[in-house]
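Colleague: I am new to this structure and would like a close look at one part of it, taken slowly.

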Amino acid sequence: MTIKPLIILPDPVLRQVSTPVETIDADIRRLADDMLETMYDAPGIGLAAIQIGVPKRLLVLDVTKEGEEKQPLVFINPKVVRSSEERSVYEEGCLSIPDYYAEVERPAAIRVEYVDREGKEQAVEAEGLLATCLQHEIDHLNGVLFIDYISKLKRDMVIRRFTKAAKTRGAKAI
């Protein structure tokens, strides 16, 4: 397994819409393993493939608390098929937008259909942190970032800050 470099705002790669995974093979499973290692190293609780520059509909999660046994989850071609009317607010952060957090309102409960790493179709009913994290990572697969849910003023401020930092590093900007 390999820790991959993270794509950081304002890199335009983060706005790409990811394509479906056609075949679940050793390469896809290796990618999922690398993503998990990268996520744990960051440290984070979720990571979409696009965040390491791979525009495939693949994400990994582990929402266990510190000190609990890890429970890594792999979602291939996930899609939200049902959302509750009830809403919840969580303070979200993102490995691609380091050290910035904002409250985001999303559906409190969702149903997600996906394919697991063995190629079997699965579904999960999620609420709480798992629902929030799944929605956040699925948004990545659609080129959407959590800052898209905050006010334009705050979003523009965040983008300016990261664009300035990217210029300092010599990185490309949106």
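Colleague: Leaving aside its neighbours within four places in sequence, which residues is Ile 147 in contact with?

Modeller: This is a predicted model, in which local features need pLDDT of at least 70 and side-chain atom pairs count only at pLDDT 80 or more, while totals for chains, interfaces and linings use all residues. Residues are numbered from 1 along each chain as its sequence is written, and side-chain values use heavy atoms, with hydrogens and water left out.

With neighbours within four places in sequence set aside, Ile 147 is in contact (heavy atoms within 4.5 Å) with Leu 9, Ile 97, Tyr 100, Arg 155, Val 158 and Ile 159. Ile 147 is also one of the residues with the most contacts inside the largest nonpolar core, which has 31 residues; such a core is a set of buried Ala, Val, Leu, Ile, Met, Phe, Trp, Tyr and Cys residues joined through side-chain atoms within 4.5 Å, and buried means under 20% relative accessible area, exposed over 50%, with a 1.4 Å probe and protein chains only. The elements giving two or more residues to this core include strand 5 and helix 3, where helices (H or I, at least four residues) and strands (E, at least two) are DSSP runs numbered from the N terminus. The largest share, 6 residues, comes from helix 2.

Turning to helix 3 (residues 152-169), its buried residues are Arg 155, Val 158, Phe 162, Thr 163 and Ala 166. They lie on the same side of the helix because they cover an arc of only 135 degrees around the axis, taken from the directions from the helix axis to the C-beta atoms. Strand 5 (97-107) is included in what covers them.

Definitions and conventions:
The expected span of a helix is 1.5 Å times one less than its number of residues.
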